[in-house]
Amino acid sequence: MAEQPAKKQRTHPPYELLYHPGIPGRGEFIRLAFEVAGVPYTDVANEDKDGGYSTVQGICMNSKPSSSDDNPPVFSPPALRIPGAGRGGKALVIAQTPNVLSYLGERLGLVPEDEGKYYVQQLALTALDLNNEVHDTHHPVGVSLYYEDQKEESLKKAKDVRENRIPKFFSYFERQLKWNQEDGKGKYLVGGKITYADTTVWQVLDGISFAFPKEVEARRGEFKELFEFYEGLKEEKGLREYLASERRLPYSMGIFRHYPELDRQ
Ligand SMILES: N[C@@H](CCC(=O)N[C@@H](CS)C(=O)NCC(=O)O)C(=O)O
């Protein structure tokens, strides 16, 4: 847990992120929540090079009936493990990115206390839908197949996602920003403080900018306010330091991949 901000360390349990090592992936949505909240966490597979990934695999990718302690099985990473927070004082293990974000949102102060927390979850779920659609641009036929075996279909899928789906989602995020501004709350998506809706939408925008740089460049003028939000959030306390740190992993062969042939030509 070295280098991470420790300001709230005493009031938080030892949070453990269980995810694949070496890629941002869906684990990134959870990392960003901890980072902007300034709350320490252990990124198990990345921090414990020897046994960390075996722990992740044992808990999250296991074919045995039960994953760990009294928790139900986990289908796939990412998951959150909190020693002592589960049944009978054992570890709690929960999975599914938006489920983990919802759990952490209240505990890390990343949601409003009123009905705004459902607006936050609504946005995070929508951003994660877009995340999945962008993933499918390089795997439109089967997640178990290689990209090289589905290149034809990828071209068609990527064209539709770039030309139709991305602008539709971007316009929705922009309408949300306007809605919040009219509510007098300023630069965030919901309310007057950063929430996990902001970090989740931000991460999807960042990933799309990596995957489709030409498409994004061409659309910046069309979605000026959304990109102001995107650039502005980079200066947010916690995020700024994280982006400059070694904990922020580069994109590679995960959800967001840069295949030039799938970008705008
Ligand atoms: N809806 C799930 C998707 C989880 C997921 O697809 N995890 C990937 C890594 S990002 C994985 O390891 N999947 C294994 C599999 O689907 O077999 C979530 O948001 O957590």
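**Strand β4 and its setting**

In strand β4 (residues 92–95), L92 and I94 point one way while V93 and A95 point the other way, and all are buried. Buried here means under 20% relative accessible area (1.4 Å probe, protein chains only). Strands (E, at least two residues) and helices (H or I, at least four) are DSSP runs, numbered from the N terminus. The model is predicted: local features need pLDDT of at least 70, side-chain atom pairs count only at pLDDT 80 or more, and totals for chains, interfaces and linings use all residues. Residues are numbered from 1 along each chain as its sequence is written, and side-chain values use heavy atoms, with hydrogens and water left out.

**Sheet**

- Strand β3 (residues 79–82) runs antiparallel to β4 and is joined to it by 4 bridges; two strands pair if DSSP finds at least two bridges between them.
- Among the bridge partners in β4, V93 is that of R81, and L92 is that of I82.
- The open sheet comprises 4 strands in the order β2-β1-β3-β4, with mixed pairing.
- Because β2 (41–43) and β4 stand at the edges, each with a single partner strand, one side of each is left without a neighbour in the sheet.
- From one strand to the next, the twist averages 20°, where axes are lines fitted to C-alpha atoms and angles run from 0 to 180 degrees between N-to-C directions.

**Ligand shell**

- Y19, H20, R26, F75, S76, P77, P78, Q96, T97 and P98 surround the ligand, each having a heavy atom within 4 Å of it.
- By class, this shell has 5 nonpolar, 4 polar and 1 charged residues; Ala, Val, Leu, Ile, Met, Phe, Trp, Tyr, Cys and Pro count as nonpolar, Asp, Glu, Lys and Arg as charged, and the others, Gly among them, as polar.
- A nitrogen atom of the ligand lies 2.8 Å from a backbone N or O atom of P77.
- An N or O atom in the side chain of Q96 is 2.7 Å from a nitrogen atom of the ligand.
- An oxygen atom of the ligand lies 2.9 Å from a polar side-chain atom of T97.
- On its own the ligand has 500 Å² of accessible area, of which the protein covers 65%; such areas come from the Shrake-Rupley method with a 1.4 Å probe.

**Histidine 139**

- H139 is placed in the loop between α5 (116–138) and α6 (151–182).
- H139 has a relative accessible area of 9% and is therefore buried.
- The side chains of H139 and H138 make a polar contact (2.8 Å); the term denotes a pair of N or O atoms within 3.5 Å, and within protein one must be able to donate a hydrogen and the other to accept it, while residues adjacent in sequence count only if both atoms are side-chain atoms.

How values were computed: Buried < 20%, exposed > 50% of the residue type's maximum accessible area, 1.4 Å probe, protein only.
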